[in-house]
Each structure stands twice: as structure tokens, then as C-alpha cells.
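The points are numbered and may be read in turn.

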Amino acid sequence: MTTEPVFLPVFKDSSLDSPIVFFQGRVICLAELLQTVDYLADKIPAHQHLLNLYEERYYFLLGFLLALKQQSISLFPSTITPHVLTQLRKNYAELIVLSEIDSEHEQSSGSNQTIDLKELLDKRNLSSEKKLSEQELWSIIPDIEAQRNTVIIFTSGSTGQPKPYIKQWYDLTSAAEHLSHDLFSDSCNHIENNNNTISALLATIPSQHMYGLETSIMLTLQKGFLLHSHKPFFPQDITQCLEALAQYAHKKNKTIEVNLITTPLHLKACIKTDVALPGIKQFISATAPLQSELAQLCEQRYTARVMEIFGCTEVGSMAYRQTIKTEQWTVLEDISLKALNEHDIQINTTRSIQTFLFNDIIELLDEQNFILKGRKEDLVNLAGKRTSLSYLNHHLQTCEELRDACFYQISCFKEVKDQSNNFIGRKEDQLVAFVVLNNPNDMIHINKQQMTKKIRIWLLQSIENIFLPKKIYFVDSLPRNATGKLPQAELKKLLQQQDKKI
Amino acid sequence: MNQSNTHIKQNVQNNVKLENQTAQLIIDTLNLDIEITDINPEDHLFGEGLALDSIDALELAMAITQQFGFQLRSDDSNNREIFRSLRTLTQYIAENKTK
């Protein structure tokens, strides 16, 4: 059976004068953005794969659109370390890196090309450019075949090798469509909805993360939001971005409604430092479960709804809930759930992955609803970045100073205290490591601090800062069982023994 | 280590005091299992030194706002420098604190 290919637009609900991105105090509309993509397309050599490292979303967006135009595939690794870069260059032909040239990641750039879009734009001579007609502008990025591979996004895998997941164009548009339907239905800048309100997006998460890509980038392209170019980090940075948007709206005699796309950690930081968030309409939180007490505080303090998204790199956004109203998650319309047996819940979807097993332990209520109970043992999730203990162990064990070693994850979920803002402990888990030196006799001689440094430097070759062990315990041996496995209970005991010693 | 420094000039003494205060804040905020004297003021806080990460930076920012009464901002792109070491962080706090 053959079916006619389906083509889907990149800009679904925008007109050429629609505001797309708020960059350096001004709004860039669709016509200007397209004209800029057209200019850049001439300067970027043909390639198959594009590694887009920009944090500033304006440049990221240009890179992403360039890849769509030139039919190359955007690569989004879960971490950028020298090791990862080398692997990507080996495995993906004709790779071009888009990045600020002084980026530390490019020190070992070798033969591959790194292009700084900022530099190219600085050289641009606008007055000599031909003004494109409406028809020419619309044809710069033609509709894309639904089944075309547009993005490869990586999880850290469990064997030491990152695992690639291909995203077809339909995967990205479908998630955006359903997110918009369920979470933003009353707040898009549709052409027909030409009222006095500007709906904007501001995100504290990277565009290269699946959650960031689907929300900040895809919602902007498909649903006509105005995207703030920055990725604010401190609470005060968020305030400044919001103030800038509010000023712009004021000048235009319009009101602004901003959706802040963020994480539980940033929400906590806003509440704790009590910053003002002018123009905020809705918070979207993902990457880790949000405590309902925190959601409640945010809703009250900022009179804005707090919605949570549940998803994973492999499938993308899958479900949502309003945290203060329910602990139940409801899946997006292109997802349904099915229990295979007592432990395994299968996700079925119209996206290209079709089926996927839950990484987390969940209680299935029906095909559309579930409750999250916890995570499976091997999974590590810190600041929205996932990896597995097997992946981390693989890299630790290759350190030549060590005979044996393993990571151990300490759960730090603290009791929520219902007092004046002082209600929440450190929510993230912590990683520590147990190591056995090549020669146990060395234990007496070595400087543990120096050895700890040495091990961390080794790990930084291949794993990200955030997964470094907070503490390294030097032990005589690991409690391996007869099959060589390391039972969690034994590691827990070992940790207690070690902590007693100190 | 903490013996009297009375013969040292006042401002140096203040810096040492603030540096110790900052070190204690780092240890308390991040539940680190170390003493003030374990932190070399010039060592990198991130990466191989104390292995702090971006979550820690945000946790620290909250604690600094509460204890020293000012909001951290990254618009001068100076983040990396501010959080480089205990010494640079202390310097930044000294310049900005309001309480």
C-alpha cells in the first residue's frame, strides 16, 4: 500500500508580519526572520548534519530553520563534552557546528567547520539586498514532508554510547499541536485572533532539550507565540526579561501575557527570592515532579496557573496536569497507554516511535490517565537531564587509577514543611561514588583530595558536570554478589558504614 | 586555623570573616560534608574542585539573596567568573551586599 506523502507547514498560524522573536529589545517578525534565513542559507555550505549549540534562541531559531530549509538533520546530544563531539564527528557525515566562535567546546575543532551566525550577520549589508515579494518569502522554507527526519536527539544510553532518537517532522508538529490544544488553548496569537493581547513565551530551559524544543521553539513556529530570545538563569534575570516584554507591549498599546516555561527548581527560586514577575499568565513546569505546595504558592503569589508536562526524550511531551488540582496525569491526544503486565506500561502513539515502555513506575488508571509512583532503579534524573547509572559506571570504571568503582544515587526527597516559604528541602537526588584503587596499599599514601580531583577530571571527559559525584568514597572493595552485581541494599549499607567512619 | 588575627588590618579581617561566612553558606546550603578549612579559596567551585553544578548555583543564589539582601543577575555574563572560586564569590558578595 502506498500513500501520498503529506506535507506540513513550518509556520502554521502566522502571517508575514506576525511577531516571532523578541531579541535585543525589538521584535523580529516572520518576514524579517525568513529574509535572514535566506541570506544565511547562501553562506552555509551544503551539509547533512547540523549541531546547533546556540543558547540565545534567536540564533538557535535561525539555525533550526536553516536545517529545515537545507534538508539537513539537527543533532541534539544530551551533553556536550569533548568525547561527545569526537563521537558525533565520527558518526555523522558532513557535520557543521553552529556556535559562538569563542565557545570552549570548539577548542579541538579540528577539520570540521564551526560557523558563528552572529559573525555572518555582522557582515550583512541590508541595503544591497533585494526586497523579496510575499510569495518569495513564503517559498523560502517550503512545507515539510511529515515523515522527513528533521532532528536526532540523544539520550545517554546504558552502555556508554549515547542513543540516538530520530524525530520526524510530524513528531514535532503533533506534540506542538496537542500541547497547544490542552495547555495554551486561550493564549495563541492566531492571525484571526487579532486582539489587543500579545501572547509570549519565555523559557529557562535549553532549546536543545526535547522539552525546550517542543515548547519554546515548536510552539513559536506552529502557534504564533512571541518568543523571548534569552534563557534567563537567576530569578532576577526572569524579572528583567518580563519587564522588557511588558515595556514593548506598553509601547504598542497592548497587554502582554507571558507563559514561563521552566522547572521546579526555578519556580522554587522565584518564590524563595520573592521576585516580581510582571505579565505572567501561566507557568509550565517539567523535568522533575513539582510539589503541589510549591505550585500552590506560585499560583497564589503570581495569580498565574501552574501546569506540568510529563515527557521523555524518546517520546516527547506525553501528559499534563494542573498540579494544585490533581495528582493524575492526562495524556495528550496522540498518546494512549496500555498495561503489558504488572510492571510494564506501554505508551502507544501516532508519532514515529509508535510504542515505548515507561521508564518510570506508574499506576495506570485508564488509557488516558495515570499516577506517577517513582522511577526505575537505574535511572538518574538531575536538573532535567537523564542518564543511567550503567552509563555513569561505565565511564568511572575506565579510569585507569581504579580497579573497581560504581556510582550510588542518594534520594534526597525531603519532607515538605508547611511553613513560611521554608517548606522545601533540596529536591534533587545526589550522586556519590565508591572507588577501589588499583593497589589498595596506596590508600595510606595517596592524597584523597588530589585523587578525587583526578577522578572528576577524568569523568568530565565524557559526562556532564551535573553528574559528577558530590563525594568519592575510597573503599577496599565493592560488595559485589556472586554474579558480580551490586545490590542497592549492600551499597546503602556501605554508605552508612563510610559515613560513620567520618 | 581560626586563631586571633588582631594584628592584621581591619579590612583584611573583614574579608576573612566574609570569606568564612560565604564558605559556611555554601556548606550549609548544599549539605556538603566538609569543613570551612577544606575549601581552598582559590579552588574551582565547579568541575573538579567542589563539583558544584548549575542546580547548586541556583540554590546558592537563593541563599545569598536571603542572607545578604541582593539579587544575583547574569546580564553582565559574569556568572562564570563570580562562581569561579570561594574568593571571587566572596568578592562579589562584598561589592553587592545590602545587609
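1. Buried means under 20% relative accessible area, exposed over 50%, and partly exposed in between, with a 1.4 Å probe and protein chains only. By that scale Glu100(A), at 36% relative accessibility, counts as partly exposed. Lys118(A) is likewise partly exposed, with a relative accessible area of 31%.

2. Basis of the note. This is a predicted model, in which local features need pLDDT of at least 70 and side-chain atom pairs count only at pLDDT 80 or more, while totals for chains, interfaces and linings use all residues. Residues are numbered from 1 along each chain as its sequence is written, chains are lettered from A and ligands numbered from 1 in the order in which they are written, and side-chain values use heavy atoms, leaving out hydrogens and water.

3. Chain A exposes about 22300 Å², of which carbon and sulfur atoms supply 47%; the areas come from the Shrake-Rupley method with a 1.4 Å probe, and for residues only the protein chains shown count as cover. Among contacts (heavy atoms within 4.5 Å) between residues at least 6 apart in sequence, 64% join residues at least 24 apart.

4. An open sheet. Six strands of chain A are arranged in the order β7-β6-β4-β5-β9-β10, with mixed pairing; two strands pair if DSSP finds at least two bridges between them. At the edges stand β7 (113-115) and β10 (163-168) of chain A, each pairing on one side only. Neighbouring strands of this sheet are turned by 25° against each other on average, direction ignored. Axes here are lines fitted to C-alpha atoms, for helices over the stretch in contact, and angles run from 0 to 180 degrees between N-to-C directions.

5. Details of that sheet. Strand β6 (residues 95-98) of chain A and β7(A) pair in the parallel sense over three bridges, and Ile96(A) has Gln113(A) in β7(A) as its bridge partner. Helix α6 (residues 169-183) of chain A packs on the sheet and touches β9 (149-155) and β10 of chain A, its direction making about 75° with that of β10(A).

6. Salt bridges within chain A. A salt bridge is a side-chain nitrogen of Lys or Arg within 4 Å of a carboxyl oxygen of Asp or Glu.

7. A salt bridge between chains. Asp43(B) forms a salt bridge with Lys453(A), the closest N and O atoms being 3.3 Å apart. The pair runs from the loop between α1 (10-29) and α2 (54-68) of chain B to helix α13 (residues 448-460) of chain A. Lys453(A) counts as partly exposed, at 30% relative accessibility.

Definitions and conventions
Helix = DSSP H or I, 4+ residues; strand = E, 2+ residues; numbered from the N terminus.
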